[in-house]
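Take a look at the sequence and the 3D view, then read on.

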Amino acid sequence: QVQLVESGGGFVQPGGSLRLSCTASGSFFSINFMGWYRQAPGKQRALVGGITRDGDTNYASSVKGRFTISRDNAKNTVFLQMNNLKPEDTAVYYCNADIVVDTARSSDYWGQGTQVTVSS
């Protein structure tokens, strides 16, 4: 059974920083794309950004220049460094990964979500 477990959410004042982590565990061959999504109250889940296995990244325009995604392939972990946080960044943040579970296919997995609240 493959699982994604997130950590690092919490409460922070505007302008502050947080670092989220997401680690994949279980039986699988490798991990392709890893991404972060967020869902604010009353809104749809939206892509924050993602990273390929080779380290190529992409970001939503709303977080570009403030958020950085990185990964440690040896530890099956993806990180989201969030700087200069704003109240509009408040949301539940979800980790997502495309994981190769056998030689013929990959499957999409989600973490349980972690709350990030930005408020003064």
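Predicted model: local features only at pLDDT ≥ 70, side-chain atom pairs only at ≥ 80, totals over all residues.

## How the strands pair

Let's begin with strand 4, which covers residues 30-39. Strand 4 has strand 9 as a partner, and the two run antiparallel over 8 bridges. Within that pairing, Y37 has Y94 of strand 9 as its bridge partner. Strand 4 also pairs with strand 5 in the antiparallel sense, this time through 5 bridges. There, G35 sits opposite G50 of strand 5. Strands 4 and 5 form a hairpin with 6 residues between the strands, and in this hairpin G42 adopts a positive phi near 80 degrees.

Now hop over to strand 11, residues 114-118. Strand 9 and strand 11 are antiparallel and joined by 3 bridges, while strand 2 (residues 10-12) runs parallel to strand 11, also with 3 bridges. One of the pairs here is V12 with V118 of strand 11.

Here are the pairings side by side:

| Strands | Direction | Bridges |
|---|---|---|
| Strand 4 and strand 9 | antiparallel | 8 bridges |
| Strand 4 and strand 5 | antiparallel | 5 bridges |
| Strand 9 and strand 11 | antiparallel | 3 bridges |
| Strand 2 and strand 11 | parallel | 3 bridges |

Which residues of strand 11 are on its covered face, and which on its uncovered one? T114, V116 and V118 make up the covered face, whereas Q115 and T117 are on the uncovered face.

Y93 belongs to strand 9, which spans residues 91-102. Is Y93 buried or exposed? Y93 counts as buried because its relative accessibility is 0%, and the cut-off for buried is under 20%.

Leaving aside residues up to four places away in sequence, Y93 touches a whole list of others: E6, L20, Y37, R38, V48, F67, L80, M82, G113, T114 and V116. Along the sequence, Y93 and R38 are 55 residues apart, yet their C-alpha atoms are 4.3 Å apart in space. Their side chains are also joined by a polar contact of 2.9 Å.

T77 is in strand 8, residues 77-82. With a relative accessible area of 6%, T77 is buried too, since anything under 20% counts that way. What does the side chain of T77 make a polar contact with? The side chain of T23 is the partner, at 2.8 Å. Not counting residues up to four places away in sequence, T77 touches C22, T23, M34, S70, R71 and D72.

## The largest pocket

Last stop: the largest pocket, with a volume of about 180 Å³. Its lining consists of 16 residues, and R38, A40, K43, A46 and E88 are the ones nearest the centre. Strand 4 and strand 5 (46-51) each supply at least two of the lining residues. Strand 5 gives the most, with 3 residues. By type, the lining of the largest pocket divides into 8 nonpolar, 4 polar and 4 charged residues.

Definitions and conventions
Residues numbered from 1 in each chain as written. Heavy atoms only, no water. 1 Å grid on protein atoms, 1.4 Å probe; cavity = no way out; pocket = protein on both sides within 12 Å on 5 of 7 lines; lining within 4 Å. Points joined across faces, edges and corners; volume = space filled by probe spheres on them. Helix = DSSP H or I, 4+ residues; strand = E, 2+ residues; numbered from the N terminus. Nonpolar A, V, L, I, M, F, W, Y, C, P; charged D, E, K, R; others polar. Buried < 20%, exposed > 50% of the residue type's maximum accessible area, 1.4 Å probe, protein only. Contact = heavy atoms within 4.5 Å. Polar contact = N/O pair within 3.5 Å; in protein donor to acceptor, adjacent residues only side chain to side chain. Pairing = 2+ DSSP bridges.
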